[in-house]
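Colleague: Thanks for making time for this one. Could you walk me through the model, a feature at a time?

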Amino acid sequence: MPRKPVAREAVLDAFESLLIAEGERAATLEAVAKRAGVSKGGLLYHFPNKEAMIAVLLERLDRLLAEDLAAMAAAPEGAAAYFIRSSVWADTALDRVFVAATRLAEVAHAETLRRMAGVQASWLELLAADVGPGMAKAVLYMGDGLYFNAMLARSGGATPLAVDDDVESLLAAVDRLRP
């Protein structure tokens, strides 16, 4: 019995990895089982279908985002500075599940889109409390740009910007605009 949670997590990790690397269409049950090193029957023991894997992946996303939102709300430097500093790809569990979820959002998976809209609203609320509602969207878009630039550069898809310099410049701009 102790190996079952490990196998379940391995399957979920494999699903997440396939979503990131190849997209939703490539993340078939067979491909996930192969990447996880389990039989298709072993996969089906934990996840009866692809939608069940998506549901658990979204639970992982919710848990990690809740932890990050709590850290953002408690950040001594303020929510905006925290958001910008954490908007660089660091290959964390949150980074990986977030990108996997964006791959589901790309194919208009309704529940994923709903959850992504919810987290964006939560980010905007925390940012607005820190820098005002007008600046909150700008900070959100700055962070998104840094994050996706760093992620794309990591995967070889783009020439990286000088992310550290960009972060420091953005933080200085936020400090000047903070009410």
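**A walk through the helices**

Modeller: Gladly, and let me begin at the start of α4, where a side-chain oxygen of Asn49 comes to within 3.2 Å of the backbone nitrogen of Glu51. Bear in mind that this is a predicted model.

Colleague: How many residues does helix α4 have, and what span does it reach from its first C-alpha to its last?

Modeller: Helix α4 covers residues 50-74, which is 25 residues. At 1.5 Å a residue, 36 Å is expected, and the computed value is close to that. From first C-alpha to last, α4 reaches 36 Å.

Colleague: Let me step back to the whole chain. How many helices and how many strands are there in the chain?

Modeller: Reading along the sequence gives the pattern α-α-α-α-α-α-α-α-α. Buried residues account for 42% of the 179 residues in the chain. As for the count, the chain holds nine helices and zero strands.

Colleague: Which residues are buried in helix α2, and within what arc do they fall?

Modeller: Helix α2 runs over residues 29-36, and its buried residues are Leu29, Val32, Ala33 and Ala36. They line one face of the helix, because seen down the axis of α2 they fall within an arc of 100 degrees. In general, an α-helix has 3.6 residues a turn, so residues three or four places apart point the same way. The arc for α2, then, is 100 degrees.

Colleague: And which residue just after α2 takes a positive phi?

Modeller: The value there is about 75 degrees, just after α2. The residue with that positive phi is Gly37.

Colleague: What about Asp91 and Ala108: where are they, and what is the phi of each?

Modeller: Most residues other than glycine have a negative phi. Asp91 is in the loop between α5 (79-85) and α6, and it counts as partly exposed because its relative accessibility is 35%. Ala108 sits in the loop between α6 and α7. Neither is a glycine, yet phi is positive in both: about 55 degrees for Asp91 and near 60 degrees for Ala108.

Colleague: Now the packing. At what angle do α6 and α7 pack, and are they parallel or oblique to each other?

Modeller: Helix α6 (residues 93-106) and helix α7 (residues 110-131) have their axes 9 Å apart, at an angle of about 125 degrees. The crossing in which α6 passes α7 is left-handed. Given that angle, α6 and α7 are therefore oblique.

Colleague: How do α4 and α6 pack, and what is the hand of their crossing?

Modeller: The axes of α4 and α6 lie 9 Å apart, and the angle is about 130 degrees. α4 and α6 are therefore oblique to each other. Their crossing is left-handed.

Methods:
Residues are numbered from 1 along each chain as its sequence is written. This is a predicted model: local features need pLDDT of at least 70, side-chain atom pairs count only at pLDDT 80 or more; totals for chains, interfaces and linings use all residues. Side-chain values use heavy atoms; hydrogens and water are left out. Helices (H or I, at least four residues) and strands (E, at least two) are DSSP runs, numbered from the N terminus. The expected span of a helix is 1.5 Å times one less than its number of residues. A polar contact is a pair of N or O atoms within 3.5 Å; within protein, one must be able to donate a hydrogen and the other to accept it, and residues adjacent in sequence count only if both atoms are side-chain atoms. Buried means under 20% relative accessible area, exposed over 50%, partly exposed in between (1.4 Å probe, protein chains only). The arc is that of the directions from the helix axis to the C-beta atoms. Axes are lines fitted to C-alpha atoms, for helices over the stretch in contact, and angles run from 0 to 180 degrees between N-to-C directions. Angles under 35 degrees count as roughly parallel, over 145 as roughly antiparallel, 65 to 115 as roughly perpendicular and the rest as oblique. A crossing is left-handed if the near helix is turned anticlockwise from the far one by less than a right angle, and right-handed if clockwise.
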